[in-house]
Amino acid sequence: MVSRGQRVSPSKSPPPFRKTAKPFYAIPHPRRKPALQTRHPAPRQEHTAQHSAGTVWESGSGEGEPPAMAVSNNITACVTLMALICAVPVIASGVWFASAQGEECARLARWPVAILGGLILLAALAGFVGAYWNRRRLLAFYLFAMGALIALLIALLVFAFAVTRGSGAYPVLGREYDEYRLDGFSMWLRGYVSDDPARWEGIRSCIAVSDTCKKLARQASFVTADQFYQSHLTPLQSGCCKPPSVCGFGYVSPTVWTNPARPAADPDCGLWSNDPAQLCYECESCRAGLLAALRSQWHKANIALVVATVSLLFLYLIGCSAYKNAHAEAIYRRYKW
């Protein structure tokens, strides 16, 4: 019981519960959990740009400038440009064949090498355009055509080395020049000058009107026989402009010989004539001299052809690898996103 004037301390019990109304927008939905307020990092700018660039590269549409070429396409463009340069020696070898064989009047492989070099040049040009402007069909055509042309060039070189293996030359005692026999050459070359009489008749007529023997007859330095024997003659001059040494003819001038000592030593001894229109053009030694001239030209041209073939083969392998990498990169960009 509290007396009057006594101060009553407040009660420590909690106040009675009071219901307070909440606004409707603060009441959570019974079927939906409140979303967690989490902060997501903003997408990387370079990632978005890369995705956009990849889309434009694949579809070929969109605004803005197109992206730069892939590294593989740059490599392929450089490779095809070098292939263009390597095609020049092949064309030059064919042109040299055509011009150098004019004096010998033979059309053995006169233009095939130049035509093959021109085809290589066109294929390399198509590959360069396809790599620079990303034209896959042109690149595929370049790889197929260049592979076929390189195979043809290798086959041509193997054939040339096979048929020009024998020289047909043999030394003569007391002579600086060599003389030639048909049996020293390959069967294919012997057939080229012996199997078709009409072909040899055209070659013989061309040699007769050329300067091959006329130039030799006009040389004033051959006063004596010893001076002539110590001279260096071309294969055609040795085989077509004088009789074989085994016959034992007496020297008068480079294209005039008399009194054979051994007329039966060789079949060509009876075919020799001092007539400037005949000389030894029907001799087998003349045919052998023609083949020796062709063989010498082939061996000179083979140096440039071998270097060009090895370079083209090396560049072709690099081009195939670059094209494969570019194709794999395109597939990766297509299915990455």
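**Close-up views of a predicted model**

**View 1. Leu152 in helix H4.** Leu152 is placed in helix H4 of this predicted model. Leu152 counts as exposed because its relative accessibility is 51%, and the cut-off for exposed is over 50%. The C-alpha atom of Leu152 is separated by 8.3 Å from that of Leu116. Along the chain, Leu152 and Leu116 are 36 residues apart.

**View 2. The aromatic pair of Phe159 and Trp188.** Seven aromatic pairs are present in the structure. One of them is formed by Phe159 and Trp188, with an edge-to-face arrangement. The ring centres are 5.1 Å apart and the planes make an angle of 85°. Phe159 has 37% relative accessibility and so counts as partly exposed. Trp188, at 39% relative accessibility, also counts as partly exposed.

View 3. Tyr177, Phe228, Tyr229, Tyr251 and Trp257 are linked into a cluster by ring pairs. Tyr229, a member of this cluster, also has the charged end of Arg175 over its ring. The distance from that charged end to the ring centre of Tyr229 is 3.6 Å.

**View 4. Arg181 over the ring of Tyr170.** Arg181 places its charged end over the ring of Tyr170. Here the charged end of Arg181 is 3.8 Å from the centre of the Tyr170 ring.

Conventions. Residues numbered from 1 in each chain as written. Predicted model: local features only at pLDDT ≥ 70, side-chain atom pairs only at ≥ 80, totals over all residues. Heavy atoms only, no water. Phe/Tyr/Trp six-rings, centres within 6.5 Å; stacked < 30°, edge-to-face > 60°. Buried < 20%, exposed > 50% of the residue type's maximum accessible area, 1.4 Å probe, protein only. Lys NZ or Arg CZ within 6 Å of the ring centre and 35° of its normal. Helix = DSSP H or I, 4+ residues; strand = E, 2+ residues; numbered from the N terminus.
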